[in-house]
Amino acid sequence: MKKILFIIGSLRAKSFNRQVANVAKEIIGNRAEVSELDYSDLPLLNQDVEQPEPAAVARIRKAVSEADVLWIFTPEYNMSYPGHLKNLLDWMSRPVKFMDYGTPTCINGKRVAICGAGGKAATADCRAKLTELLSFMKAEVLQEQVGIAVPAEAWGTDVLALTDEQKAQLKEVADKLMG
């Protein structure tokens, strides 16, 4: 059974992107093993603390390595990705064997899907920049992406109701990840 690791780009408990991930998990159902990466304890990337490898980094690298595919759900912060998500990706881009830049990283060659819920632009800038960054990191980024513009009323209720069309788009990405 395929292992899909969800990465939520918002640390907020009621995050719209966490809500989208929950819908995606329902869409996947029992066709794959889905887990969510908790990286809230990840230290800022700093070569002074890179060795010995922090426990949070080891745990994250193991989870990423064991996953068949990654699915990122992220908001857009100031026309880009959130800083804590960038920090996570920076740690994943570092060599698993310290200072051995000839060996693959834990994300090298990993299939990655990107979705985002946010403002009127539906996270378009964030998704484009993430695609560029992940491609540079030698991940295989799916062309199919879902961008969701959060309706005005949801910002006041913290509840995001997806349309049938948005659910169909998520199903398309899920099916692509399963293939």
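Analyst: First, a term. A pocket is an open set of grid points with protein on both sides within 12 Å along at least five of seven lines, and its lining residues have an atom within 4 Å of a point. Note also that this is a predicted model.

User: Which residues lie nearest the centre of the second largest pocket?
Analyst: This pocket has a volume of about 200 Å³. Its lining counts 17 residues. Those nearest its centre are P75, Y77, A117, G118 and W155.

User: Which elements give two or more residues to that lining?
Analyst: By class, the lining of the second largest pocket holds eight nonpolar, six polar and three charged residues. Two elements pass the mark of two or more residues: α1 and β4 (111–118).

User: What is the volume of the largest pocket?
Analyst: Its lining includes S93, R94 and P95, and also F136, M137 and K138. Y101, T103, P104, T105 and N108 line it as well. The volume is about 240 Å³.

User: Now α1 and α6. Are they roughly parallel or oblique?
Analyst: Helix α1 (residues 16–28) and helix α6 (residues 164–178) have axes that come within 10 Å and cross at roughly 60°. Angles under 35 degrees would count as roughly parallel, and 65 to 115 as roughly perpendicular. The angle therefore makes α1, relative to α6, oblique.

User: Which residues of α6 make the contact with α1?
Analyst: α1 passes α6 in a right-handed crossing. On the α1 side, the contact uses V20, V23, I27 and I28. By class, the contact has six nonpolar, no polar and two charged residues. The α6 side consists of K167, L170, K171 and A174.

User: And α3 with α4: roughly parallel or oblique?
Analyst: The axes of helix α3 (residues 83–93) and helix α4 (residues 124–136) come within 11 Å. They cross at roughly 10°, and the cut-off for roughly parallel is under 35 degrees. So α3 and α4 are roughly parallel.

User: How many charged residues are in the contact of α3 with α4?
Analyst: The crossing of α3 and α4 is right-handed. L85, K86 and L89 of α3 meet L130, L133 and L134 of α4. Five residues are nonpolar and none is polar. The charged count is one.

Definitions and conventions:
Residues are numbered from 1 along each chain as its sequence is written. This is a predicted model: local features need pLDDT of at least 70, side-chain atom pairs count only at pLDDT 80 or more; totals for chains, interfaces and linings use all residues. Side-chain values use heavy atoms; hydrogens and water are left out. Axes are lines fitted to C-alpha atoms, for helices over the stretch in contact, and angles run from 0 to 180 degrees between N-to-C directions. Helices (H or I, at least four residues) and strands (E, at least two) are DSSP runs, numbered from the N terminus. Angles under 35 degrees count as roughly parallel, over 145 as roughly antiparallel, 65 to 115 as roughly perpendicular and the rest as oblique. A crossing is left-handed if the near helix is turned anticlockwise from the far one by less than a right angle, and right-handed if clockwise. Contact means heavy atoms within 4.5 Å. Ala, Val, Leu, Ile, Met, Phe, Trp, Tyr, Cys and Pro count as nonpolar, Asp, Glu, Lys and Arg as charged, and the others, Gly among them, as polar. On a 1 Å grid over the protein atoms alone, a cavity is a set of points where a 1.4 Å probe fits but cannot get out, and a pocket is an open set with protein on both sides within 12 Å along at least five of seven lines; lining residues have an atom within 4 Å of a point. Grid points are joined across faces, edges and corners, and a volume is the space filled by probe spheres set on the points.
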